[in-house]
Amino acid sequence: MSEAVLSQILVTLADLKASQQLLADKVDKIQNDSVLAQTEHHLRQKVAHYHNSPGHSDSDGDTIVSPTFATEPAEHIGVYTEKPVLTTYPDDEGVKPSKMNWGESDPKARGPIVVSRLANSISIRNAIGAYGGSYSIYRSLAVAMGDLPADHKPNFENTQPPIKIRQQPQWSDSSKIVSMDPFGHLTNEYYKQEIKDGLDVRPTIAITRAHMLVPELVAEVKAGTLKVDGKVVVNEAAELNVHKAAIDPVWHLPGVAARLNVDEDFLRRSLFENTGGMYPELISRPDLKIFLPPIGGLTVYIFGNHELLSDPNTRLTVRVHDECNGSDVFGSDICTCRPYLVFGMKEAIKEAQNGGVGMIVYFRKEGRALGEVTKYLVYNARKREGDTAAKYFTRTENIAGVKDMRFQALMPDVFHWLGVTKIDRFMSMSNMKHDALIDAGIKILERVELPDELIPVDSKVEMDAKIAAGYFTNGHIPCASELNKTVGRGWEEFHA
Ligand SMILES: [Zn+2]
């Protein structure tokens with residue numbers, strides 16, 4: 001970075017800081033207002049109080065202050081800083097982020113993700129955002145209502161994964177994993193001491209094992225088209241054996257920017273503005289590179305031996321699925337989501353039964369990450385205007401401004417985490433998912449279409465439109481005039 005750019009940044013930061021001081025003064029005044037005073041009183045009534053006491057020292061010899069319970073009256077320092085800190089700046093007194101070497105292979109040298117704003121860690125935060133993705137908002141409600149002490153320390157005893165996910169070389173390649181913490185499932189193990197010393201550090205990945213029952217697959221077992229092997233399909237009742245991992249997003253902003261091929265500063269500005277200015281440190285703390293965004297994460301379902309996922313000689317069948325609540329859970333027939341999901345599960349299970357591994361990766365990206373409200377608006381417009389494949393994408397674009405906001409570029413990270421380097425059978429027709437995996441260096445040997453008999457009649461519109469737009473098919477690609485002829489159910493055909 002040139003001196004000129006650097007000094008420009010410093011000037012901008014100084015300006016920001018000055019306006020921050022003005023704001024802080026205003027907040028001071030507002031604090032005398034009864035609402036805030038009441039809130040504070042309420043908090044003091046409900047929440048156990050701390051006072052700061054000298055804690056352990058970190059390796060540099062600087063004292064990290066650990067909290068201890070106190071019996072002193074409420075006037076003493078609480079769980080939060082006495083006044084709300086609207087934002088911080090790199091050169092603020094006392095600001096000293098805990099070490100964070102993203103891409104480091106040794107988790108101790110990498111350092112824990114410290115995102116808590118409690119009084120005892122706000123000065124050593126090395127990440128922006130909050131633990132729990134979108135659920136951080138519900139946590140805020142629980143704290144505001146006094147149901148949850150803001151400084152509640154989770155008891156992590158016996159929460160560790162039942163299986164070992166072997167560390168892969170990809171974990172220490174900062175270009176390969178940019179949207180999740182590869183050590184996120186082992187937080188309690190690697191950062192035990194920090195947690196014991198009172199630092200609020202939490203896992204961002206949890207792994208468990210489960211049995212599942214899927215009605216369509218119960219029917220397949222009854223019909224004899226899916227066999228009981230006692231391992232994956234456990235019994236005649238069609239109980240399925242599965243390991244699953246829930247993963248919250250942890251973004252390394254320079255890596256995310258590089259992956260999306262955008263400028264990091266502008267990405268930060270856009271995140272700041274489009275979340276209602278929720279995270280000012282995206283702007284004021286360019287030194288903090290980690291962001292825990294308030295969005296849904298993903299879940300990986302693994303059928304068969306997870307240890308073979310990174311073995312290139314083991315066959316692997318995969319479906320990457322983006323959430324569609326209407327179809328996945330409630331059986332809406334306007335799209336092919338649940339049929340493809342269940343077909344993907346069935347083929348994944350069969351692969352596992354044949355000695356390979358099967359995997360479903362389920363992303364919380366409802367309605368192409370446009371959300372269900374936008375999705376229903378689009379449905380209405382489609383149904384009122386004559387639902388044809390030719391107009392399928394146009395209506396979404398008219399309303400949302402884009403066809404799709406899933407931006408699959410970040411999707412392959414979970415494959416790198418599991419050490420996957422090739423997929424034998426890819427249970428998806430999406431060219432965007434396919435291209436993202438290929439760009440990530442993951443080979444795809446076969447792409448498997450959804451069989452015609454599994455496509456609901458009303459979802460033909462979606463299927464034809466997608467195929468015409470580049471979705472994979474071994475079959476016929478509809479031309480423009482054919483797209484006009486693929487028509488979905490009209491409003492008048494709905495039963496009152
Ligand atoms: Zn759907």
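**Fold and packing**

Reply: Of the 496 residues in the protein, buried residues make up 35%. The model discussed here is predicted.

Me: How many helices and strands are there in the protein?
Reply: The model is a predicted one, and its contacts can be described by sequence separation. Among contacts with a separation of 6 or more, 70% are between residues 24 or more positions apart. The secondary structure in the protein comprises 19 helices and 12 strands.

Me: Which strands are the edge strands of the open sheet?
Reply: Seven strands form this open sheet with mixed pairing, in the order β4-β5-β8-β10-β9-β11-β12. An edge strand here pairs on one side only, and this holds for β4 (205-212) and β12 (443-447). The twist from one strand to the next averages 25°. The edge strands are thus named as β4 and β12.

Me: Which residue in β10 stands opposite V320?
Reply: Strand β9 (residues 316-322) pairs with strand β10 (residues 357-363) in the parallel sense, over seven bridges. The residue in β10 that stands opposite V320 is V361.

Me: What angle does the direction of helix α17 make with that of β12?
Reply: Helix α17 (residues 431-439) packs on the sheet. There, α17 touches β9, β11 (422-426) and β12. Its direction and that of β12 make an angle of about 150°.

Me: Is E351 buried or exposed?
Reply: E351 belongs to helix α12 (residues 337-353). Leaving aside residues up to four places away in sequence, E351 touches R315, T317, G356, V357, G358 and R425. A residue is buried if 20 or more other C-beta atoms lie within 10 Å of its own. Because E351 has 24 other C-beta atoms within 10 Å, E351 is buried.

Me: What distance separates the C-alpha atoms of E351 and D424?
Reply: Along the chain, E351 and D424 are 73 residues apart. In the model, their C-alpha atoms are separated by 9.9 Å.

Me: How many nonpolar, polar and charged residues has the contact of α14 with α15?
Reply: The crossing of α14 and α15 is right-handed. From α14, T374, L377, V378, A381 and R382 meet R395, T396, I399 and A400 in α15. By class, the residues of this contact are five nonpolar, two polar and two charged.

Me: How are α8 and α9 oriented, and what classes of residue has their contact?
Reply: The axes of helix α8 (residues 253-260) and helix α9 (residues 264-274) come within 9 Å and cross at roughly 105°, and α8 and α9 are therefore roughly perpendicular to each other. L253, P254, V256 and A257 in α8 meet E264, L267 and R268 in α9. By class, their contact has five nonpolar, no polar and two charged residues.

Me: Which helices do the buried residues of α18 pack against?
Reply: Helix α18 (residues 460-468) is mostly covered, with eight of its nine residues buried. The buried residues include V461, M463, I467 and A468. Just after α18, G470 takes a positive phi of about 120°. The buried residues of α18 pack against α15 and α19 (480-485).

Notes: Residues numbered from 1 in each chain as written. Predicted model: local features only at pLDDT ≥ 70, side-chain atom pairs only at ≥ 80, totals over all residues. Left-handed = near helix turned anticlockwise from the far one by under 90°. Helix = DSSP H or I, 4+ residues; strand = E, 2+ residues; numbered from the N terminus. Contact = placed C-beta atoms within 7 Å. Nonpolar A, V, L, I, M, F, W, Y, C, P; charged D, E, K, R; others polar. Buried ≥ 20, exposed ≤ 12 C-beta atoms within 10 Å, placed from the backbone. Pairing = 2+ DSSP bridges. Axes fitted to C-alpha atoms, helices over the stretch in contact; angles between N-to-C directions. Parallel < 35°, antiparallel > 145°, perpendicular 65-115°, else oblique.
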